[in-house]
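Dear colleague,

I am passing this structure on to you, together with some notes on what turned up in it. Could you look through the notes with the coordinates open?

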Amino acid sequence: MSKPAEIDHAAKAGADVIVLDLVEFVVDKDKPAARERVRNALATVSGAGGEVFAQIDPHAAGADLAACAWPGLSGIVVSRAEKPQQITEISALLGRLEKERGLAKGTVKIVPALETAQGNHEAYEIARASERVWGVTLGRADLVMDLRPEPSDEIHLMPYLMQRLIIVAGAAGVTPIGAWWRAPDRGLLATPENTFEAARRGRAIGFQGTMCVKRSQVEPLNRAYASTARTASHG
Amino acid sequence: MAERKVRRSGLTMPVVTPRFVDNAWRRGCDFVVIDLEDSVPQHLKAHARSLVKDAIPNVSKGGAEAFTRINHDHMVEDTEAVVWPGLKRIKYPKTEHASEVRQLDEIITRLEKERGIEPGTIEIDASIETAVGVANVLAIARASPRVREFGATTGGYDLSRDLGVEMFVDFDQFVYPRGEAELAARTLGLGVRTAPFVANTTGSVSDPNRALRQAEAARRCGLRLGGGGLNPAVVDGHNVGLTPTGDDVHDAKSVLEEYAMLEGTSETWIEIEGRVIDRYEAERARELLDWAALCAARNKEKEEAVARVQQGTEKK
Amino acid sequence: MLIRRSNLLVPIGDADAINNAWRHGADAIALDLEGSSPCAQPRMKAAIAAAARGAAEVFVRIDKANLKAGLDASVWPGLAGIVLPQVESASDVADAEAITGALERERGIEPGSLTFIVLLESARAVWNIREILAASPRISQAGLDEPDLAASLGIEPDPEYDPFVYARGRLAVEATAAKVGAIGMAYPMSVLQPTDGSPAEIEKMATRARNSGMKGVLCPHPGWVAPVNAAFTPTPELVHYNHRVREAFAAGLEAGTAAVPLDGRMIDVPVDEWAIVVIATAEACAARDAQKREALERAG
């Protein structure tokens with residue numbers, strides 16, 4: 001959200017969902033300005049037809065949600081979600097904001113990003129913490145937990161975490177979002193071909209759509225998840 | 001996390017076999033496990049207990065930390081026999097319930113007090129070697145603050161026997177047990193003890209090349225702790241494989257220099273020669289430099305200890 | 001030691017298959033009611049008797065939607081147990097338990113003698129496996145129904161990517177912890193269930209299943225039975241090796257050590273314990289095979 005030019009591009013990328021980010025790609029000093037831009041960005045991006053999510057920091061939930069909960073917002077991604085209580089609190093805040101700002105009650109969805117061991121440990125409770133939880137994802141767990149490639153090119157621990165998440169999501173009745181990345185791919189640098197393979201593998205184990213960080217990755221993801229058709233691009 | 005220990009390599013030695021115990025200090029291990037369990041015949045268990053107090057300074061005189069492995073079914077009498085000054089950790093095999101760890105903690109706490117050992121210093125290594133243990137990993141790992149490192153055995157003999165599988169196959173049989181234990185360790189902020197799967201279809205326990213490959217693979221995927229071995233031939237491979245190389249250190253320093261360029265800007269990442277430099281990469285680099293320094297200090301400590309022993313021997 | 005390596009599923013509607021099921025050498029035969037309405041009691045009794053001619057344990061796989069009617073039609077003397085599909089929670093097991101218990105009492109069957117094999121077919125079931133396995137002491141085996149589990153998760157199976165490493169690992173660990181036998185075939189055969197797999201291929205996949213912690217396989221085709229039995233029976237070479245392990249270990253003990261090298265491997269207590277298990281398993285399989293052979297000879 002600190003790069004206005006990217007918002008316009010994102011709107012044209014063809015993603016089913018666009019995620020406006022206030023956490024990963026915004027440095028601290030730019031956050032207040034980024035928050036101020038969200039309302040206009042929502043209008044720009046939602047006009048393009050896709051759903052719009054915002055990625056927020058649960059430790060700044062009040063400020064981030066106040067900046068994001070405007071007409072046009074479909075849902076939020078909770079970065080580094082770790083506790084069910086975080087989700088219930090965010091859900092309550094959203095309820096208040098929906099009422100104040102004339103959004104339909106209960107419509108803003110929540111996708112907890114389980115990027116830490118603690119978050120994964122409580123994945124089931126987190127996924128069940130609110131009716132608003134629509135999906136779960138590992139987000140950038142490999143980076144946050146510092147998991148690196150094994151000789152097989154699998155990222156250490158990720159095969160276990162991915163399959164566990166898919167079972168947890170199924171048990172909790174929410175959508176598992178992700179792709180099965182392997183070394184040397186990494187979100188920011190993965191080529192369209194590797195992105196397609198990661199999505200194809202992800203789909204084969206039960207993921208139903210994924211998030212990506214570059215516009216060039218949207219088309220291969222849409223292609224790989226053709227019948228389930230859920231992709232999201234960060235802006 | 002508490003103070004990080006450098007525990008890359010170790011050997012498990014039957015305490016009843018004097019030639020193994022007497023030579024253990026020469027092997028370059030970061031730790032030596034004085035074994036009362038599976039390598040000691042049943043009829044020698046009582047004799048074995050009487051040997052531990054002297055074995056502790058014996059195995060650690062080359063700078064290794066002295067650990068012991070006690071018997072699951074003789075927790076009380078074994079623990080009485082092993083808690084002496086110099087002992088750093090007790091390995092409790094086939095841990096299945098948190099209550100076992102709590103009981104062991106209580107016994108150690110009492111003995112530390114009685115025997116003039118600083119309270120809370122002796123660690124517990126709660127080994128997960130059965131299905132029941134895997135099912136209870138989290139409760140076990142948080143049952144005592146003495147549990148500071150945790151993981152499930154990779155290709156362990158006991159877990160294989162419990163699950164009824166042949167070992168030494170060409171695929172990874174323990175994705176789930178290892179994953180459960182590692183998730184518990186990371187959730188609780190404990191040191192992670194695991195290893196990536198590297199097939200061992202021969203079952204060899206003394207292949208130095210395999211030991212090196214396995215340890216290098218572990219280091220490259222971010223792991224720091226070794227599981228130890230049974231044969232002196234694997235010690236060097238574990239030490240070398242888990243120590244950052246000169247290239248690793250050089251690379252980490254350049255990552256930090258590159259990351260410093262982002263400071264004060266609005267950018268969160270930069271691509272340099274096909275590689276992303278961001279806060280995660282910088283964090284990795286800092287950790288690696290810390291670890292490299294710790295390894296160097298540990299190596300020096302062991303060299304000095306060995307030199308002291310050799311000088312002492314010459315004087316005599 | 002429970003030896004139930006192969007359990008052959010036979011659709012209740014296929015009279016020929018029912019009458020010939022006993023000839024294939026399966027340790028167990030499961031008359032399959034899933035997807036069909038329970039047939040008349042006399043026909044079930046006859047089918048159970050027919051299936052038992054080769055000394056197989058006879059099971060009935062019940063349709064979950066017709067639980068009560070299915071059990072009512074099936075629980076007769078001579079039945080070894082029930083295959084319960086689509087188990088999702090402890091209460092699913094408790095429902096079957098209550099009806100089965102009542103029928104045992106009514107029909108002069110020893111209370112608690114009928115055993116359950118539970119099949120998990122959804123993420124919820126995999127997640128709840130501990131409470132499911134603890135729900136009844138009747139449960140002797142548990143497995144994933146992988147085709148249905150895949151369908152419930154919206155997975156179109158790709159032979160290259162096994163989606164159930166976690167689920168199968170959880171099954172193996174939780175079943176072992178609950179003293180229940182995990183059953184299942186290795187991926188992708190577990191999902192594709194081809195009718196044309198060669199016996200060698202089936203045996204290879206079943207061996208892989210055994211080395212993943214499985215104790216037997218629910219066989220969708222008679223062609224699976226012989227290779228599955230072979231895969232779950234320790235080979236003579238393996239038995240021979242394990243006798244050598246026992247000898248080497250015993251010699252080590254004599255010499256005052258319980259850690260002995262053998263062919264570059266290290267033999268200690270758990271290795272010796274495993275050798276005992278392998279040898280005992282081979283003996284139990286041989287005894288089970290002798291029972292079946294005698295029954296076949298009697299039946300002509």
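Helices and strands are here DSSP runs, of at least four residues in the case of a helix (H or I) and at least two in the case of a strand (E), and they are numbered from the N terminus. With that numbering, Leu157(A) falls in the loop between H7 and H8 of chain A. Please keep in mind throughout that this is a predicted model.

Backbone features

Asp146(A), which is not a glycine either, has a positive phi of about 55°, and its place is in the loop between helix H7 (141–144) and H8 of chain A. In chain C, the peptide bond that joins Tyr187(C) and Pro188(C) is cis, with an omega of about 5°, and Pro188(C) is found in the loop that runs between strand S7 (181–183) and helix H9 (189–192) of that chain. As background to these entries, most residues other than glycine have a negative phi, and most peptide bonds are trans.

Thr116(A) lies in chain A, in the loop between strand S4 (109–112) and helix H5 (117–121). With a relative accessible area of 12%, Thr116(A) counts as buried, because the term applies under 20%. Its side chain makes a polar contact of 2.5 Å with the side chain of Glu82(A), and the side chain of Thr116(A) also reaches the backbone nitrogen of Gly119(A) at 3.0 Å. If residues up to four places away in sequence are not counted, Thr116(A) touches Ala81(A), Glu82(A), Val144(A) and Met145(A).

Helix H3 of chain C

Which residues of helix H3 (residues 67–74) of chain C are buried? They are Leu67(C), Gly70(C), Leu71(C), Ala73(C) and Ser74(C). Because these residues cover an arc of only 165° around the axis, they are on the same side of H3(C).

The contact between chains A and C

The contact takes 20 residues from chain A and 16 residues from chain C, and the area buried between the two chains is about 1,500 Å², with carbon and sulfur atoms giving 64% of that area. Gln163(A), Ile167(A) and Ala204(A) supply 38% of the area that chain A buries against chain C, which is more than any other three residues supply.

Between chain A and chain C there are three salt bridges, and six residue pairs are in polar contact, both residues being at pLDDT 80 or more. A salt bridge links Arg203(A) with Glu156(C), where the closest N and O atoms are 3.0 Å apart. On the side of chain A that touches chain C, helix H8 (158–172) and helix H9 (192–205) of chain A each supply at least two residues, and the largest share, eight residues, comes from H8(A). By class, that side of chain A has nine nonpolar, five polar and six charged residues.

With best regards

Definitions and conventions. Residues numbered from 1 in each chain as written. Chains lettered and ligands numbered in written order. Predicted model: local features only at pLDDT ≥ 70, side-chain atom pairs only at ≥ 80, totals over all residues. Heavy atoms only, no water. Buried < 20%, exposed > 50% of the residue type's maximum accessible area, 1.4 Å probe, protein only. Arc of directions from axis to C-beta. Contact = heavy atoms within 4.5 Å. Buried area = accessible area lost by both parts, 1.4 Å probe. Salt bridge = Lys/Arg side-chain N within 4 Å of Asp/Glu carboxyl O. Polar contact = N/O pair within 3.5 Å; in protein donor to acceptor, adjacent residues only side chain to side chain. Nonpolar A, V, L, I, M, F, W, Y, C, P; charged D, E, K, R; others polar.
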